[in-house]
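Please examine the sequence and the structure shown below before reading on. The paragraphs that follow lead from one part of the fold to the next.

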Amino acid sequence: MVNVNVNLGGLEMPTFLATASGTFGYGFEYVGAVDYSKLGAVTAKGIRVEPWPGNEIPRHAEVPGGLVNAIGLQGTGVEHFLKYTVPWYREQVKGVPLIANIWGSSVEGYAEVAAQMGDAVDAVEMNVSCPNVKAGGHTFGQDPKVLSEVVSAVRKATKLPLIVKLAPNVPSIVPYVKACEDAGADALSMINTIPAMVIDIEKRVPVLANVTGGLSGRGIHPAAVKLVYDAHKATKLPILAMGGVYEPKDAIEFLLAGATAVAVGTATFSNPGTVSEVYDGVVAYCERHGFASVSALTGALAEG
Amino acid sequence: MIDEKCKVIEHRELGSGYRFISFEAPKIAEGATPGQFVHVRVPGLEASALRRPFSIFNAEEGRLELLYKTVGRGTAALNGVKPGDVVSVMGPLGHGFPLKCGGAALLVGGGYGVAPLYFLARLLKAQGLSPLVFVGGRTKDDLLALDRFEALGVEVRAATNDGSFGAKGLVTDPLDDELIRLRGEGGKFELFACGPDPMLKAVALRATGTGSKGWISMDRHMVCGVGACYACIQKTVRGNSRCCIEGPVFAAEDLVW
């Protein structure tokens with residue numbers, strides 16, 4: 001028997017697998033198609049204090065190896081989330097911790113939504129890296145000083161395990177990792193989508209109404225592995241890794257690069273069975289290689 | 001909603017790029033209602049490709065039937081699927097048409113938008129109602145499943161832009177004739193529509209503010225198909241609604257054009 005549970009900065013996950021924010025609604029949409037018994041956490045779609053309409057359509061474009069999206073963080077506000085969404089999730093999904101993904105347009109906005117969460121959820125993931133909303137998200141993840149300020153504010157506002165979701169498009173991830181560490185984060189998640197653009201060459205217009213978007217899916221996986229590797233070398237904070245996990249090999253790479261847990265994202269859209277297949281494959285890998293626990297894989301690259 | 005592995009029973013060309021495909025899909029067929037859709041993982045596309053949504057043309061006796069037009073990479077790949085192949089199909093998804101009707105049931109379809117209307121006509125007829133179907137297209141080649149409606153004993157009134165079949169003009173022309181007749185005798189009606197956006201808007205406007213109901217099936221590019229990703233947005237009086245789960249069938253009065 002391989003031990004599959006992990007501890008992500010105080011969040012006890014019954015398995016090492018999570019879902020990535022924005023790819024799994026508010027957690028219950030895939031009931032019937034996804035085997036929730038193999039999930040260690042569900043990360044809900046981004047929530048801010050007030051409801052947010054998101055961007056105009058088209059909001060997505062399929063590209064070779066992935067998906068470019070500019071949904072724009074459409075979501076109900078925190079009040080609706082706490083009153084309806086969380087209870088509905090708890091009723092539909094038993095025993096899988098819920099991570100609330102939060103964002104704001106100001107430091108105060110982040111802190112307020114975190115404070116309002118109370119202990120209704122099991123952890124908070126701060127999105128400081130959404131490429132699709134101008135007045136929020138990304139701007140906070142592009143300067144270590146600003147990042148430190150917003151993480152500190154949220155740290156003061158919540159006792160829940162605090163995960164910070166970092167932007168991939170920075171020259172070095174290390175200053176951002178350090179900023180999170182110093183500001184009291186409990187864990188990191190990476191990577192968010194990579195800023196991207198698709199053009200309709202016949203009409204000579206951008207495909208997305210938002211002009212640019214974020215690339216997710218298979219193609220971003222090696223870039224994500226590299227960033228997880230860099231971050232793990234720089235910190236003891238546990239890492240929830242995401243980016244192009246389609247098969248067991250992808251998750252194992254993340255774990256060996258230093259991740260404590262792994263999230264499935266865009267792959268679920270094409271195959272809701274991905275969670276199950278990745279889980280089974282990682283367990284089988286542990287058995288084959290004599291690892292008694294999945295957590296033993298974290299950073300377990302062979303020396304030399 | 002489930003992800004069912006479905007064996008292809010039949011797959012054939014209907015002409016002009018339209019095709020018919022049927023699956024053994026007992027679980028999906030059992031729960032399906034008209035206006036719902038299925039999300040198909042198309043064999044032949046790369047494994048990471050997004051699924052493609054299709055309206056349910058009919059679900060009966062464990063069989064799932066779809067009508068589609070080859071319009072892009074996904075439907076082109078679907079062309080290569082053969083009887084006996086097994087395909088991953090998620091469904092039934094979304095909110096379909098209501099299965100009751102206060103007055104004359106007028107069904108309006110444009111092109112492959114007729115796809116969900118056969119299933120609807122069949123179930124309305126099974127309740128003892130007499131749905132009247134209006135179909136439109138550019139030419140007679142765009143009028144689909146006329147034989148199936150005929151076999152069902154449902155009256156079809158057609159219009160084509162070039163006059164190659166039925167009235168020359170838009171599908172709303174014979175519809176308007178019927179609406180005028182109904183109003184003349186004070187008859188009530190409800191509209192059920194699926195097709196291109198301009199047609200849907202025209203139909204919706206014939207219901208809103210008249211005291212009659214309109215049920216409009218919107219077609220938006222989808223990603224997840226289950227309400228998880230928020231890509232397939234339709235503007236409604238409630239804000240940005242997800243076509244895949246709050247629709248694809250919306251009340252005409254709720255739509256914002």
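In this predicted model, helix 2 of chain A, residues 107-117, and helix 3 of chain A, residues 144-157, have axes that come within 8 Å and cross at roughly 25 degrees. Angles under 35 degrees count as roughly parallel, and helix 2 of chain A is therefore roughly parallel to helix 3 of chain A. The crossing of helix 2 and helix 3 of chain A is right-handed. Helix 2 of chain A contributes Val107(A), Tyr110(A), Ala111(A), Ala114(A) and Ala115(A) to the contact. From helix 3 of chain A come Glu149(A), Val150(A), Ala153(A), Val154(A), Lys156(A) and Ala157(A). Sorted by class, the contact of helix 2 with helix 3 of chain A holds 9 nonpolar and 2 charged residues, with no polar ones.

A second pair of helices in chain A may be read in the same way. Helix 5 of chain A (residues 221-234) and helix 6 of chain A (residues 248-257) have axes 8 Å apart, and the two pack at an angle of about 20 degrees. Helix 5 and helix 6 of chain A are therefore roughly parallel to each other, and their crossing is right-handed. On helix 5 of chain A, the contact is made by His221(A), Val225(A), Val228(A), Tyr229(A) and His232(A). Helix 6 of chain A supplies Asp250(A), Glu253(A), Phe254(A) and Ala257(A). The residues of the contact between helix 5 and helix 6 of chain A comprise 5 nonpolar, 2 polar and 2 charged.

The discussion now turns to a sheet in chain A. In what order do its 4 strands lie? The order is 5-6-14-11, and these strands of chain A form an open sheet with antiparallel pairing. Strand 5 and strand 11 (194-197) of chain A each have a single partner strand, so one side of each is left without a neighbour in the sheet. On average, and with direction ignored, neighbouring strands of this sheet are turned by 35 degrees against each other. Strand 11 of chain A runs antiparallel to strand 14 of chain A (residues 212-216), and 4 bridges join the two. Pro195(A) stands opposite Gly214(A) in strand 14 of chain A.

Chain B also contains a sheet. Its 7 strands form an open sheet in the order 11-10-9-8-12-13-16, and the pairing is mixed. Strand 11 (167-168) and strand 16 (249-251) of chain B are the edge strands, each pairing on one side only. Within this sheet, strand 12 (residues 189-194) and strand 13 (residues 213-217) of chain B pair in the parallel sense over 5 bridges. Ala193(B) stands opposite Ile216(B) in strand 13 of chain B. Helix 5 of chain B (residues 172-184) packs on the sheet, where it touches strands including strand 8 (104-110) and strand 9 (132-137) of chain B. The direction of helix 5 of chain B makes about 165 degrees with that of strand 8 of chain B. Helix 6 of chain B (residues 197-207) lies across strand 8, strand 9, strand 12 and strand 13 of chain B, and runs at about 165 degrees to strand 13 of chain B.

Finally, the two chains may be considered together. How many residues of chain A are in contact with chain B? There are 28 residues of chain A in contact with 21 residues of chain B. Strand 5 (60-63), strand 6 (66-69) and helix 7 (267-270) of chain A each supply at least two residues of the side of chain A that touches chain B. The largest share, 3 residues, comes from helix 7 of chain A. By class, this side of chain A has 12 nonpolar, 12 polar and 4 charged residues.

How values were computed
Residues numbered from 1 in each chain as written. Chains lettered and ligands numbered in written order. Predicted model: local features only at pLDDT ≥ 70, side-chain atom pairs only at ≥ 80, totals over all residues. Contact = placed C-beta atoms within 7 Å. Nonpolar A, V, L, I, M, F, W, Y, C, P; charged D, E, K, R; others polar. Axes fitted to C-alpha atoms, helices over the stretch in contact; angles between N-to-C directions. Parallel < 35°, antiparallel > 145°, perpendicular 65-115°, else oblique. Left-handed = near helix turned anticlockwise from the far one by under 90°. Pairing = 2+ DSSP bridges.
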